[in-house]
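Thanks for making the time this morning. I would like to take you through one model, from the chain as a whole down to a few backbone angles.

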Amino acid sequence: MSHPILLIPNNNNNNNNVFVLILQFLIFYITQQLTPHLLLHHLLLHKSFYSHRDLRSLMAIFLARSRATAVQRYVRKNVGFSEIILGVRSSCNSSSSSSSSSSSNIISQAVAGKYFRKHLLPSSCNTTKSFSTAAGRFKSTAAAVDSSFVSESDDDQALDFPGGKVTYTPEMKFISESSDKRVPCYRVLDDNGELINGSHFAQLSKEVAVKMYGDMVTLQIMDFVLYEAQRQGRFSFYMTTIGEEAINIGSAAALKEDDLILPQYREPGVLLWRGYTLQQFTNQLFANKDDDGKGRQMPVHYGSKKHNYVTISSPIATQLPQAAGMAYSLKMDKKDACVVAYIGDGGTSEGDFHAGLNFAAVTEAPVVFICRNNGWAISTNISEQFRSDGIVVKGRGYGIKSIRVDGNDALAVYSAIRAAREIAVTEQKPVLVETLSYRVGHHSTSDDSTKYRTSDEIQYWKMERNPVNRFRNWIERNGWWSEQQESELRSSIRKQLLQAMQTAEKTEKPPITEMFSDVYDVLPANLLDQEKQLTESIRKHPKDFPTDFAV
């Protein structure tokens, strides 16, 4: 963008110059569409108002501080200069050869408008010698606005508001509710598991890649077997991760063991990656005495202090403000770790989503928010959930770096989460990652998703966009996997899982007294009364309670 040249005649002899100068300034203000009242106000207050030289200097300074928007508007329309000439030499005709050369170069770069030539240049003035420039601060540019000019001019007229200066504009324009194009989705593998040309991703070793695939297959088998077991009435509740295996395992593989995990309830793969055994999973589902939670949680609400996996809480999005607070504590303790919080697309409609992201942004807490946008919040489609371009655009509103990732591409998820973790830990800032996937299974065993979506839609995502098959194709192309290994893996996992189920089912339940432990050091009177009433009720009416409960 170009800037106007401020030309001030340097004649010291004639008193009429005062009136000429004022007239020139008034004409300049009118053509610039600027209001002169501020200029007059400053002139009247200035003690040297009647000094010609001081008057000229004051006017020059004031003009240099004119509203940037109006000046730029006039420049774009009439002038086309790329330099501001701020001062004058002592004489139009006396200057050194070096300054003459410099001024000549500047003037030769600009084509003076008729207004300046006619009204502001005295006939005796040589334009190639009579003006000095602030060349050190304002450099000529043909392609872009000079940053030093914009910052100085805009800062003078901007609103010094908390968070940074806000510039003004005479144009009334509303920010669009959405951009013309949707935010692109980061992807590395195509639907057939082939690397996309030009992909940028984190390299995986054979060992890590094979383990990732093995855990994805394990999740598949767990969902199939355990879902059917619940349907048989062997335990009360279950939720699958079918279609979202890449998000689980890809993100888990990219994190460190010291990173704290706050899951929603569709992230068992993170716990599996960290070493949680099939026996531990089934102990939790059957709520036996070997369950880490002592049978006090709903099925699939896993938790493990050993694995830095905070116990799942049923209320949606409550983990997000908690994650921000925990991450801030890591920052205060200068830990080389971050917090990772998972949430579904439906959870972003909760108030805790706002509280968590805003808290994390303001405190610059090292937390990675991973949103699984799988298209459905139980039976509510995302089209009825929000009008924004998914979740990724919400991050900018909080001042958080964000990225959208193909949630069915395990390699892309791994690469993105690894990079997000690096930002969170090294820059001590939050990051939002939106993963686009699809919930192939029902919301839970309490749901029948065919009531609100078509079977064809489910089948398409299950077969054509299967994340497990895609990753298998990739490791097979690398020569890291074979059909024989596939058969042996699936057979082995199935046997281990069935054995774990049998063991968990036969293990006795925790004693009823565990309902009252681990909260108070000394139980208050009201809880002592409740415990007494419960044990008496079980003894009086044993048939009303399961036979495997120990009093």
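Predicted model: local features only at pLDDT ≥ 70, side-chain atom pairs only at ≥ 80, totals over all residues.

Residues are numbered from 1 along each chain as its sequence is written, and side-chain values use heavy atoms, with hydrogens and water left out.

The chain has 19 helices and eleven strands, taken as DSSP runs numbered from the N terminus (helices H or I, at least four residues; strands E, at least two). Of its 551 residues, 46% are buried, where buried means under 20% relative accessible area, exposed over 50%, and partly exposed in between, with a 1.4 Å probe and protein chains only. Among contacts (heavy atoms within 4.5 Å) with a separation of 6 or more, 74% join residues 24 or more positions apart.

Helix 8, residues 206-231, has 26 residues and should span 38 Å at 1.5 Å a residue, which agrees with the 38 Å between its end C-alpha atoms; the expected span is 1.5 Å times one less than the number of residues. After helix 8 comes G233, with a positive phi near 85°.

Most residues other than glycine have a negative phi. A287, however, has a positive phi of about 50°, and lies in the loop between helix 11 (278-286) and helix 12 (319-332). E364, in the loop between helix 13 (351-363) and strand 7 (367-373), also has a positive phi, near 50°, and counts as partly exposed because its relative accessibility is 36%.
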